Amino acid sequence: MKFILNYIRKETWSPYVAGVLLGLVGIFSVWLSDSLLGASGAFENLAGLIGQAVAPAAFDNVYFNFIMPPGITSGVILVIGIFFGGMIGAATSKTLKWGKKDAANSDTQWKRTFGPQVWKRWALAFVGAIILEYAAGIAGGCTSGLAISGGMLLAPAAFLFIAGMFASGIVTAMLIYRRRY
Amino acid sequence: MTGSIIALFLGVFFGFSLNKAGLTKYNKIVNVFRFTDMAVLQFMMTALVVSMSGLYILRGFGLITFPNVPATYIVGNLVGGLIFGIGMALTGY
(Lines give C-alpha, C1' and ligand atoms only; values in the text may rest on other atoms or scores of the structure.)
Protein backbone atom coordinates (compact mmCIF):
# COMPACT_ATOMS: atom_id res chain seq x y z
CA MET A 1 0.00 0.00 0.00
CA LYS A 2 2.79 2.40 0.95
CA PHE A 3 4.55 1.54 -2.28
CA ILE A 4 1.47 2.48 -4.29
CA LEU A 5 1.06 5.79 -2.44
CA ASN A 6 4.68 6.63 -2.99
CA TYR A 7 4.34 5.80 -6.66
CA ILE A 8 1.35 8.11 -6.99
CA ARG A 9 3.42 10.94 -5.52
CA LYS A 10 6.13 10.52 -8.16
CA GLU A 11 6.21 13.29 -10.74
CA THR A 12 6.75 11.14 -13.81
CA TRP A 13 5.56 7.58 -14.01
CA SER A 14 6.92 4.97 -16.30
CA PRO A 15 5.01 5.61 -19.52
CA TYR A 16 4.05 1.95 -19.57
CA VAL A 17 2.21 2.20 -16.23
CA ALA A 18 0.45 5.41 -17.25
CA GLY A 19 -0.38 3.78 -20.58
CA VAL A 20 -2.03 0.84 -18.84
CA LEU A 21 -4.15 3.32 -16.84
CA LEU A 22 -5.21 5.10 -20.04
CA GLY A 23 -5.96 1.75 -21.66
CA LEU A 24 -8.28 0.86 -18.77
CA VAL A 25 -9.97 4.25 -19.10
CA GLY A 26 -10.51 3.50 -22.78
CA ILE A 27 -12.08 0.13 -21.99
CA PHE A 28 -14.39 1.60 -19.33
CA SER A 29 -15.36 4.40 -21.68
CA VAL A 30 -16.75 1.88 -24.17
CA TRP A 31 -18.11 -0.45 -21.50
CA LEU A 32 -19.90 2.06 -19.27
CA SER A 33 -20.93 4.82 -21.62
CA ASP A 34 -20.72 3.18 -25.06
CA SER A 35 -18.68 6.08 -26.41
CA LEU A 36 -15.13 6.84 -27.34
CA LEU A 37 -12.74 9.20 -25.60
CA GLY A 38 -12.18 12.42 -27.46
CA ALA A 39 -11.10 15.91 -26.65
CA SER A 40 -11.17 17.99 -29.82
CA GLY A 41 -14.85 17.45 -30.57
CA ALA A 42 -15.83 19.10 -27.30
CA PHE A 43 -14.32 22.41 -28.37
CA GLU A 44 -16.30 22.29 -31.58
CA ASN A 45 -19.50 21.54 -29.64
CA LEU A 46 -18.82 24.55 -27.43
CA ALA A 47 -17.83 26.75 -30.36
CA GLY A 48 -21.05 25.79 -32.10
CA LEU A 49 -23.06 26.67 -29.00
CA ILE A 50 -21.47 30.10 -28.73
CA GLY A 51 -21.60 30.65 -32.47
CA GLN A 52 -25.30 29.88 -32.72
CA ALA A 53 -26.03 32.36 -29.96
CA VAL A 54 -23.89 35.12 -31.49
CA ALA A 55 -24.23 34.60 -35.26
CA PRO A 56 -26.86 31.96 -36.03
CA ALA A 57 -26.68 32.47 -39.81
CA ALA A 58 -22.96 31.79 -40.04
CA PHE A 59 -23.25 28.58 -38.05
CA ASP A 60 -26.29 27.22 -39.87
CA ASN A 61 -24.37 24.80 -42.08
CA VAL A 62 -24.01 21.07 -42.57
CA TYR A 63 -21.00 20.76 -40.29
CA PHE A 64 -22.58 22.27 -37.21
CA ASN A 65 -26.06 20.89 -37.89
CA PHE A 66 -25.15 17.26 -38.47
CA ILE A 67 -21.49 16.39 -37.93
CA MET A 68 -20.77 18.38 -34.78
CA PRO A 69 -24.07 19.33 -33.15
CA PRO A 70 -23.54 22.11 -30.60
CA GLY A 71 -24.37 21.62 -26.96
CA ILE A 72 -22.97 20.43 -23.66
CA THR A 73 -22.14 16.91 -24.78
CA SER A 74 -20.47 14.22 -22.68
CA GLY A 75 -17.28 15.15 -24.52
CA VAL A 76 -17.41 18.63 -22.98
CA ILE A 77 -17.76 17.09 -19.53
CA LEU A 78 -14.88 14.75 -20.32
CA VAL A 79 -12.66 17.73 -21.15
CA ILE A 80 -13.61 19.37 -17.84
CA GLY A 81 -12.64 16.11 -16.16
CA ILE A 82 -9.32 16.01 -18.04
CA PHE A 83 -8.55 19.51 -16.77
CA PHE A 84 -9.16 18.57 -13.15
CA GLY A 85 -7.48 15.19 -13.56
CA GLY A 86 -4.33 16.88 -14.80
CA MET A 87 -4.49 19.25 -11.86
CA ILE A 88 -4.88 16.37 -9.40
CA GLY A 89 -1.94 14.65 -11.03
CA ALA A 90 0.21 17.75 -10.63
CA ALA A 91 -1.02 18.29 -7.07
CA THR A 92 -0.10 14.76 -5.98
CA SER A 93 3.45 15.27 -7.20
CA LYS A 94 3.57 18.83 -5.80
CA THR A 95 4.32 20.37 -9.20
CA LEU A 96 1.14 22.45 -9.31
CA LYS A 97 2.49 25.97 -9.72
CA TRP A 98 -0.62 27.97 -8.98
CA GLY A 99 0.14 31.66 -9.52
CA LYS A 100 3.87 31.28 -9.05
CA LYS A 101 6.27 33.47 -10.97
CA ASP A 102 7.47 30.89 -13.44
CA ALA A 103 4.15 29.12 -13.85
CA ALA A 104 3.22 30.43 -17.30
CA ASN A 105 6.45 29.34 -18.94
CA SER A 106 8.49 26.90 -16.89
CA ASP A 107 9.80 24.59 -19.60
CA THR A 108 13.57 25.01 -19.83
CA GLN A 109 13.78 23.43 -23.26
CA TRP A 110 11.15 25.82 -24.59
CA LYS A 111 13.08 28.78 -23.19
CA ARG A 112 16.30 27.61 -24.78
CA THR A 113 14.62 27.23 -28.16
CA PHE A 114 12.37 30.28 -28.38
CA GLY A 115 13.45 32.63 -25.56
CA PRO A 116 12.15 33.30 -22.05
CA GLN A 117 9.24 35.62 -22.96
CA VAL A 118 5.86 34.50 -21.69
CA TRP A 119 3.89 36.26 -24.44
CA LYS A 120 5.76 34.23 -27.08
CA ARG A 121 4.66 31.02 -25.42
CA TRP A 122 1.04 32.20 -25.30
CA ALA A 123 1.11 33.39 -28.92
CA LEU A 124 2.61 30.15 -30.18
CA ALA A 125 0.18 28.09 -28.13
CA PHE A 126 -2.73 30.09 -29.59
CA VAL A 127 -1.58 29.71 -33.22
CA GLY A 128 -0.70 26.07 -32.70
CA ALA A 129 -4.04 25.32 -31.11
CA ILE A 130 -5.84 26.79 -34.12
CA ILE A 131 -3.79 24.50 -36.40
CA LEU A 132 -4.51 21.51 -34.13
CA GLU A 133 -8.24 22.06 -33.93
CA TYR A 134 -8.54 22.72 -37.67
CA ALA A 135 -6.61 19.54 -38.45
CA ALA A 136 -8.67 17.55 -35.99
CA GLY A 137 -11.78 18.81 -37.76
CA ILE A 138 -10.48 17.59 -41.13
CA ALA A 139 -9.30 14.21 -39.87
CA GLY A 140 -12.29 13.53 -37.64
CA GLY A 141 -10.47 13.42 -34.33
CA CYS A 142 -7.33 14.28 -32.44
CA THR A 143 -4.69 12.19 -30.70
CA SER A 144 -7.17 10.92 -28.13
CA GLY A 145 -10.33 10.78 -30.20
CA LEU A 146 -8.92 9.26 -33.36
CA ALA A 147 -5.42 7.87 -32.77
CA ILE A 148 -6.07 6.15 -29.42
CA SER A 149 -9.84 5.52 -29.46
CA GLY A 150 -9.87 4.62 -33.12
CA GLY A 151 -6.73 2.57 -32.79
CA MET A 152 -8.15 0.44 -30.03
CA LEU A 153 -11.02 -0.52 -32.33
CA LEU A 154 -8.45 -1.16 -35.07
CA ALA A 155 -9.84 1.57 -37.30
CA PRO A 156 -7.67 2.18 -40.38
CA ALA A 157 -8.34 5.91 -40.04
CA ALA A 158 -6.40 6.01 -36.78
CA PHE A 159 -3.25 4.52 -38.26
CA LEU A 160 -3.35 6.81 -41.28
CA PHE A 161 -3.67 9.73 -38.87
CA ILE A 162 -0.72 8.57 -36.74
CA ALA A 163 1.42 8.18 -39.85
CA GLY A 164 0.59 11.69 -41.03
CA MET A 165 1.09 13.15 -37.58
CA PHE A 166 4.57 11.74 -37.19
CA ALA A 167 5.67 12.55 -40.74
CA SER A 168 4.89 16.25 -40.43
CA GLY A 169 5.80 16.43 -36.74
CA ILE A 170 9.31 15.20 -37.46
CA VAL A 171 9.73 17.67 -40.34
CA THR A 172 8.45 20.56 -38.21
CA ALA A 173 10.76 19.64 -35.33
CA MET A 174 13.67 19.52 -37.78
CA LEU A 175 12.81 23.00 -39.06
CA ILE A 176 12.53 24.40 -35.54
CA TYR A 177 15.70 22.83 -34.17
CA ARG A 178 17.82 22.78 -37.35
CA ARG A 179 21.39 22.05 -36.26
CA ARG A 180 20.43 21.05 -32.72
CA TYR A 181 18.04 18.35 -34.00
CA MET B 1 -27.02 12.45 -15.66
CA THR B 2 -25.19 9.21 -14.87
CA GLY B 3 -23.61 9.52 -18.29
CA SER B 4 -22.18 12.90 -17.33
CA ILE B 5 -20.80 11.60 -14.04
CA ILE B 6 -19.15 8.68 -15.83
CA ALA B 7 -17.69 11.07 -18.40
CA LEU B 8 -16.35 13.30 -15.63
CA PHE B 9 -14.64 10.40 -13.88
CA LEU B 10 -13.21 9.05 -17.13
CA GLY B 11 -11.89 12.52 -17.86
CA VAL B 12 -10.27 12.81 -14.44
CA PHE B 13 -8.42 9.52 -14.88
CA PHE B 14 -7.53 10.43 -18.46
CA GLY B 15 -6.03 13.74 -17.37
CA PHE B 16 -4.30 12.09 -14.45
CA SER B 17 -2.59 9.50 -16.63
CA LEU B 18 -1.57 12.15 -19.17
CA ASN B 19 -0.03 14.25 -16.42
CA LYS B 20 1.81 11.34 -14.84
CA ALA B 21 3.21 10.20 -18.17
CA GLY B 22 4.55 13.73 -18.61
CA LEU B 23 2.51 14.42 -21.75
CA THR B 24 1.46 17.78 -20.37
CA LYS B 25 5.00 19.00 -20.91
CA TYR B 26 6.26 20.62 -24.10
CA ASN B 27 9.63 18.86 -24.06
CA LYS B 28 8.11 15.36 -23.91
CA ILE B 29 5.94 15.95 -26.96
CA VAL B 30 8.55 17.61 -29.13
CA ASN B 31 11.34 15.23 -28.15
CA VAL B 32 9.46 12.29 -29.57
CA PHE B 33 9.77 14.00 -32.95
CA ARG B 34 13.50 14.46 -32.33
CA PHE B 35 13.87 10.80 -31.30
CA THR B 36 15.45 11.74 -27.97
CA ASP B 37 12.58 10.73 -25.66
CA MET B 38 10.11 8.09 -26.74
CA ALA B 39 7.74 8.44 -23.76
CA VAL B 40 4.83 9.56 -25.93
CA LEU B 41 5.05 6.54 -28.17
CA GLN B 42 5.54 4.14 -25.26
CA PHE B 43 2.53 5.66 -23.52
CA MET B 44 0.28 5.67 -26.58
CA MET B 45 1.16 2.20 -27.73
CA THR B 46 0.76 0.70 -24.24
CA ALA B 47 -2.65 2.30 -23.95
CA LEU B 48 -3.54 1.00 -27.42
CA VAL B 49 -2.45 -2.56 -26.68
CA VAL B 50 -4.23 -2.71 -23.30
CA SER B 51 -7.51 -1.25 -24.49
CA MET B 52 -7.41 -3.10 -27.80
CA SER B 53 -7.00 -6.52 -26.20
CA GLY B 54 -9.41 -5.69 -23.37
CA LEU B 55 -12.14 -4.52 -25.72
CA TYR B 56 -11.83 -7.48 -28.07
CA ILE B 57 -11.90 -9.93 -25.11
CA LEU B 58 -14.99 -8.23 -23.68
CA ARG B 59 -16.66 -8.33 -27.06
CA GLY B 60 -15.73 -11.99 -27.36
CA PHE B 61 -17.63 -12.64 -24.11
CA GLY B 62 -20.55 -10.65 -25.49
CA LEU B 63 -20.38 -8.02 -22.75
CA ILE B 64 -20.07 -4.99 -25.00
CA THR B 65 -20.84 -3.89 -28.52
CA PHE B 66 -18.49 -1.54 -30.28
CA PRO B 67 -19.60 2.05 -30.88
CA ASN B 68 -19.28 3.50 -34.36
CA VAL B 69 -15.73 3.14 -35.56
CA PRO B 70 -14.26 6.46 -36.79
CA ALA B 71 -14.88 6.67 -40.50
CA THR B 72 -12.03 6.21 -42.95
CA TYR B 73 -11.44 8.99 -45.46
CA ILE B 74 -7.97 8.25 -46.71
CA VAL B 75 -7.22 11.80 -47.89
CA GLY B 76 -8.98 13.46 -44.96
CA ASN B 77 -7.26 11.39 -42.30
CA LEU B 78 -3.85 11.77 -43.89
CA VAL B 79 -4.09 15.50 -44.56
CA GLY B 80 -5.58 16.09 -41.13
CA GLY B 81 -2.74 14.12 -39.58
CA LEU B 82 -0.14 16.06 -41.55
CA ILE B 83 -1.51 19.43 -40.41
CA PHE B 84 -1.98 18.11 -36.88
CA GLY B 85 1.67 17.15 -36.64
CA ILE B 86 2.75 20.73 -37.40
CA GLY B 87 0.61 22.06 -34.58
CA MET B 88 1.75 19.30 -32.25
CA ALA B 89 5.44 19.98 -32.80
CA LEU B 90 4.85 23.73 -32.41
CA THR B 91 2.82 23.77 -29.22
CA GLY B 92 3.60 20.52 -27.48
CA TYR B 93 -0.06 19.62 -27.12
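Student: What pattern does chain A follow when it is read along the sequence?

Tutor: Chain A follows the pattern α-α-α-α-α-α-α-α-α. This is a predicted model, in which local features need pLDDT of at least 70, side-chain atom pairs count only at pLDDT 80 or more, and totals for chains, interfaces and linings use all residues. Residues are numbered from 1 along each chain as its sequence is written, while chains are lettered from A and ligands numbered from 1 in the order in which they are written.

Student: How many helices and how many strands are there in chain A?

Tutor: Chain A has nine helices and zero strands. Helices (H or I, at least four residues) and strands (E, at least two) are DSSP runs, numbered from the N terminus.

Student: What makes B:Phe35 exposed or buried?

Tutor: A residue is buried if 20 or more other C-beta atoms lie within 10 Å of its own, exposed if 12 or fewer, and partly exposed in between, with C-beta atoms placed from the backbone. B:Phe35 has 11 other C-beta atoms within 10 Å, so it is exposed. B:Phe35 is placed in the loop between α2 and α3 of chain B, and its phi is positive, about 60°, although it is not a glycine.

Student: Why is A:Leu154 called partly exposed?

Tutor: A:Leu154 has 14 other C-beta atoms within 10 Å and is therefore partly exposed. A:Leu154 belongs to the loop between α8 (143-152) and α9 (156-177) of chain A. A positive phi of about 60° is found at A:Leu154, although it is not a glycine. Most residues other than glycine have a negative phi.

Student: Why is α4(B) said to be largely enclosed by the rest of the structure?

Tutor: Of the 18 residues of α4(B), 13 are buried, so this helix is largely enclosed by the rest of the structure.

Student: How do you know that the reach of α4(B) is close to the expected value?

Tutor: The expected span of a helix is 1.5 Å times one less than its number of residues. With 18 residues, α4(B) reaches 26 Å from its first C-alpha to its last, close to the 26 Å expected. Just after α4(B), B:Gly92 takes a positive phi of about 75°.

Student: How many residues does each chain bring to the contact?

Tutor: Chain B brings 64 residues and chain A brings 82 residues; two residues are in contact if their C-beta atoms, placed from the backbone, lie within 7 Å. On the side of chain B that touches chain A, α1(B) gives the most, with 18 residues.
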